[in-house]
Amino acid sequence: WTVVSTFPPYMGLIPKEVKSWSEKTSNVEVPAVPEAVASEVLPSVLPNETPTRKVSAPEAINFRPLGPRVVAIERIASTGEFRLLINGTASTVRGVHYYFGDLLKKPLPEREKILRRDLAIIREVGFTAVTGWEEEGFDEKFLKLASEYDMPVIVPISLEPSRTLPDGSSWLAKGDFLDPTVRSEIKQRITQKLTIYKNDPSVLSWNIGADEPLERMSRHYKRPPEQVQAAADLIVELVMLAHEIDPAHPVIVSEPQDWYVGFYQVSLEKARRTGIDPSQFFIVGGNFYQAGSVKTDLRRVKTAVTEKLNVAFAVMEWAPFGVNRTERPLFRSRMAKDVAEATPISIVYVFNPAIDPLNFMPDPTLAIVTGLSLTDQDRTDANGLLTAIAGTLGRPLFPTALQILKADREQGWSGIPVSRPI
């Protein structure tokens, strides 16, 4: 799934409050669009222009929430393709993965200021949904802010209330998903969360397991196959439970490509014996990072999900891994087109770098987050990555977003330090 809606970004939205970004309107220079991106992605927009423009300072707009969305999955009989219906209208979703990182440690007023700025950028670029893996970041306050900007949220729900248990381990590491106490606690926590938030106007869907739970169990924690299968069984049970509590929003799980389709196939066969068809509300997402083989990978994974599992397919993370920084915009634009052709739902990875890329990073996860971020640490457009993505979303220059980036860096209102040039 790519997070984007078929309706234009502002259609049907009623401005609730308009505030000037700064009291004085000033001209700021928009970062140049890399020539490779301009020539391949934006030919109709920049035929004879230099890629640098001057635009006015931006305004921040809050939008009135439109009320809870009713989201459904439908399979087209004539083609076998799945489509996403939002309030009865066939839609596509082009979303972005948001990484909180150290933002979760900041005082609430400062965090809100940064989140407002980031949601404004995300919206202006053309994204129509946001998600992530850090459940603690997607709390009541974040959902309220998302509603103000009418930004749909795929809400992550981890299998663990925290990353560690009292003994320092984790449930995914221990693999105790056959333990009745563990299963009961997880179901109780998810029931409580969905009951509280199911009518929130920002909710688009739920992401059970959040960040590749089977992959983490199998490859990171080296759990045996029977424990991985027990986790898959529990996840499908949680999907069924979520639908019972909240039939208005589908449920997504995500893993790397099609590596764990076999486990979910066994689990879904058990679930279908109850007489309920999960294909009406269950979506299986894959994560893709190999730019060179993405077309082939997308076809293979989509076939496995839609034919073996008989459920809808989404792309829950995508980015070109291992690509030179200056070439990333071009690879981003190419991957975006391939992903959009494969599925109505997709999430690009990732907004908000973890730390300064020039610092020593012993944690490879942080290195990946930083290396694949669409913005630098001060939210400047990282070598045209935002421009490349916006071009594929029909907003080729999105000057307001670039104004926000530039004005924020120059005025320093977010309090985020400017990173060193790369």
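Predicted model: local features only at pLDDT ≥ 70, side-chain atom pairs only at ≥ 80, totals over all residues.
**Notebook: a buried glutamate, ring pairs and salt bridges**

I started with Glu255, which is buried (under 20% relative accessible area, with exposed over 50% and partly exposed in between, 1.4 Å probe, protein chains only) but has no salt bridge. A salt bridge here is a side-chain nitrogen of Lys or Arg within 4 Å of a carboxyl oxygen of Asp or Glu. The nearest side chain of opposite charge is Arg216, 8.6 Å away; Lys and Arg count as positive, Asp and Glu as negative, and His and the chain ends are not counted.

Residues are numbered from 1 along each chain as its sequence is written, and side-chain values use heavy atoms, with hydrogens and water left out.

**Around Glu255**

I placed Glu255 in strand S12, residues 251-256. Helices (H or I, at least four residues) and strands (E, at least two) are DSSP runs, numbered from the N terminus. What does the side chain of Glu255 have a polar atom 2.8 Å from? I found the backbone nitrogen of Leu214 there. I also listed what Glu255 touches (heavy atoms within 4.5 Å), leaving out residues up to four places away in sequence: Glu212, Pro213, Leu214, Glu215, Tyr260, Tyr264, Gly285, Gly286 and Asn287.

**Whole protein**

I counted 13 helices and 15 strands. Buried residues make up 57% of the 422. Of the contacts between residues at least 6 apart in sequence, 77% join residues at least 24 apart.

I checked helix H7 (residues 225-245) too: its 21 residues reach 30 Å from first C-alpha to last, close to the expected 30 Å. That expected span is 1.5 Å times one less than the number of residues. Of the 21 residues in H7, 16 are buried, so the helix is largely enclosed by the rest of the structure.

**Rings**

My search of the whole structure gave eleven aromatic pairs. Rings of Phe, Tyr and Trp (its six-membered ring) pair if their centres lie within 6.5 Å; planes under 30 degrees apart are stacked, over 60 edge-to-face and the rest tilted. Tyr98 and Phe142 make a tilted pair, 6.5 Å centre to centre with 40 degrees between the planes. Tyr98 sits in strand S8 and Phe142 in helix H3, 44 residues apart. Both are buried.

For Phe100 and Phe138 I get centres 5.3 Å apart and planes at 80 degrees, so that pair is edge-to-face. Phe100 and Phe138 are buried. Ring pairs join Tyr98, Phe100, Phe138, Phe142 and Phe351 into a cluster.

**Salt bridges**

I have 19 salt bridges in the structure. Arg69 and Asp150 meet at 3.0 Å, N to O. Arg69 is in the loop between S4 and S5 and Asp150 in the loop between H3 and S10, so the pair ties together parts 81 residues apart in sequence. Both Arg69 and Asp150 are buried.

Glu81 bridges to Lys302, with the closest N and O atoms 2.9 Å apart. Glu81 lies in the loop between S5 and S6 and Lys302 in helix H9, so this one ties together parts 221 residues apart in sequence. Buried or partly exposed? Glu81 is partly exposed at 36% relative accessibility, whereas Lys302 is buried at 18%.

Last entry: Glu135 and Arg189 meet at 3.0 Å, N to O, and both are buried.

Notes: Polar contact = N/O pair within 3.5 Å; in protein donor to acceptor, adjacent residues only side chain to side chain.
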